[in-house]
Amino acid sequence: MATTLENANPTIFLQKTEREVLPDEENEDVVDKIDEREVFDLIRSINDPEHPLTLEQLNVVEQSLVEVDDANNYVKVQFTPTIPHCSMATLIGLAIRVQLLRSLPERFKVDINITPGAHASEDAVNKQLADKERVAAALENTHLLEVVNQCLTVRH
Amino acid sequence: KQVLLSEVPNLMPLLVQSLSCDEQSLKLSTLQTMYSLVLDAPEIISRQVTSLVPMLLGLTKFQLSMKVRMEALKCLGALTTLPHHVVYPYKTKVCKALADSVDDKKRLVRKEAVKCRNEWFLLGSSVR
């Protein structure tokens, strides 16, 4: 980790409470669709690479920026780096991608983008995150994979 | 509990067998016992991993009861706490097999499946 933090005092946002379990969810015969909240729950506890905080606490991911279409197997996630020059943006995006790769059914096509206007080199980062081969190559890098795994470990 | 733990080696074959029994309630309670044994008597469970993993994977697809599926996933997730060399050989197999469970029709089962699958993906990385 860098000795000087890029964004030393980030604003911390309130966390959502656990999702309530509805009676329908305990009924064996009802099919539960994958919705925005469910996908948001998958990514909200990802750790920030430089702070001991989650992406939800930093408002990097928000439920309103998650789009899910279960019937058409499509998921779109937008995330907002804390500062416009954040060098961690690609890493955060990669962590989100890996988490969804491991947690969502394979039938889904996942798009991960930076919220429009939130980052200086938005296009470059978006392009990198959308490139399957570059993502796969990045994960061959053991050091990088360790960093990503660290972001994905749940703190107790 | 001490008494029980000393008898576990003799009981193990029976426990493993009762996982393939038809009775749902028996399956469920065996899975619960198995879960606590993984944490309490890891060295005994380690010897049974070869038969346990395929069995638990089968139960994660048990369509009749979501409780059985959830409990099987919990057990499977707990197995990742066993010594590395015992469970690591199963990593690819388990991760692949759980791809179906994260698409389960019930949300609560998916939640367990995600937790379990992520624990298996983290095997072999230094964060654990």
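## A tour from a hairpin to a surface patch

Start in chain A, where β1(A) and β2(A) form a hairpin with four residues between them. Pick out A:Asn73 in the turn, which has a positive phi of about 55°. Keep in mind as you go that this is a predicted model.

Strand β1 covers residues 61-69 of chain A and strand β2 residues 74-79, and the two pair in the antiparallel sense over five bridges. Select A:Val61, and you will find A:Phe79 of β2(A) opposite. Stay on A:Phe79 and look to the other neighbour: the bridge partner in β3(A) is A:Ile114. Here β2(A) pairs with strand β3 (residues 109-114) in the parallel sense, over six bridges.

Next, go back to the loop between β1 and β2 and select A:Asp70 together with A:Arg107. Their side chains meet in a salt bridge, 2.9 Å from N to O. The pair links distant parts of the chain, since A:Arg107 sits in the loop between α3 (89-103) and β3 while A:Asp70 sits in the loop between β1 and β2, 37 residues apart. A:Asp70 is buried at 13% relative accessible area, whereas A:Arg107 is partly exposed at 33%.

A second stop for charges is A:Arg19 with A:Asp35, whose closest N and O atoms are 2.7 Å apart in a salt bridge. A:Arg19 belongs to the segment before α1 and A:Asp35 to the loop between α1 and α2 (36-43), so this pair ties together parts 16 residues apart in sequence.

Then move into helix α2 of chain A, where A:Arg37 and A:Asp41 lie four residues apart, about one turn of the helix. They form a salt bridge too, with 3.1 Å between the closest N and O atoms. A:Arg37 is buried, at 14%; A:Asp41 is partly exposed, at 24%.

The largest nonpolar core has 83 residues, and A:Ile96, B:Leu79 and B:Trp120 have the most contacts inside it. Centre on B:Leu79 and show what it touches: among its contacts are B:Val38, B:Ile45, B:Val87 and B:Trp120.

Finish on the surface of chain B. Select B:Leu4, B:Leu11 and B:Leu14, which make a nonpolar patch of about 270 Å². B:Leu14 lies in helix α1 (residues 2-18) and is exposed, with a relative accessible area of 52%.

Conventions
Residues are numbered from 1 along each chain as its sequence is written. Chains are lettered from A and ligands numbered from 1 in the order in which they are written. This is a predicted model: local features need pLDDT of at least 70, side-chain atom pairs count only at pLDDT 80 or more; totals for chains, interfaces and linings use all residues. Side-chain values use heavy atoms; hydrogens and water are left out. Patches are made of residues with over 30% relative accessible area and no salt bridge: like charges are joined within 9 Å, nonpolar side chains (Val, Leu, Ile, Met, Phe, Trp, Tyr) within 5 Å. Accessible areas come from the Shrake-Rupley method with a 1.4 Å probe; for residues, only the protein chains shown count as cover. A salt bridge is a side-chain nitrogen of Lys or Arg within 4 Å of a carboxyl oxygen of Asp or Glu. Buried means under 20% relative accessible area, exposed over 50%, partly exposed in between (1.4 Å probe, protein chains only). A nonpolar core is a set of buried Ala, Val, Leu, Ile, Met, Phe, Trp, Tyr and Cys residues joined through side-chain atoms within 4.5 Å. Contact means heavy atoms within 4.5 Å. Two strands pair if DSSP finds at least two bridges between them. Lists of a residue's contacts leave out its neighbours within four places in sequence.
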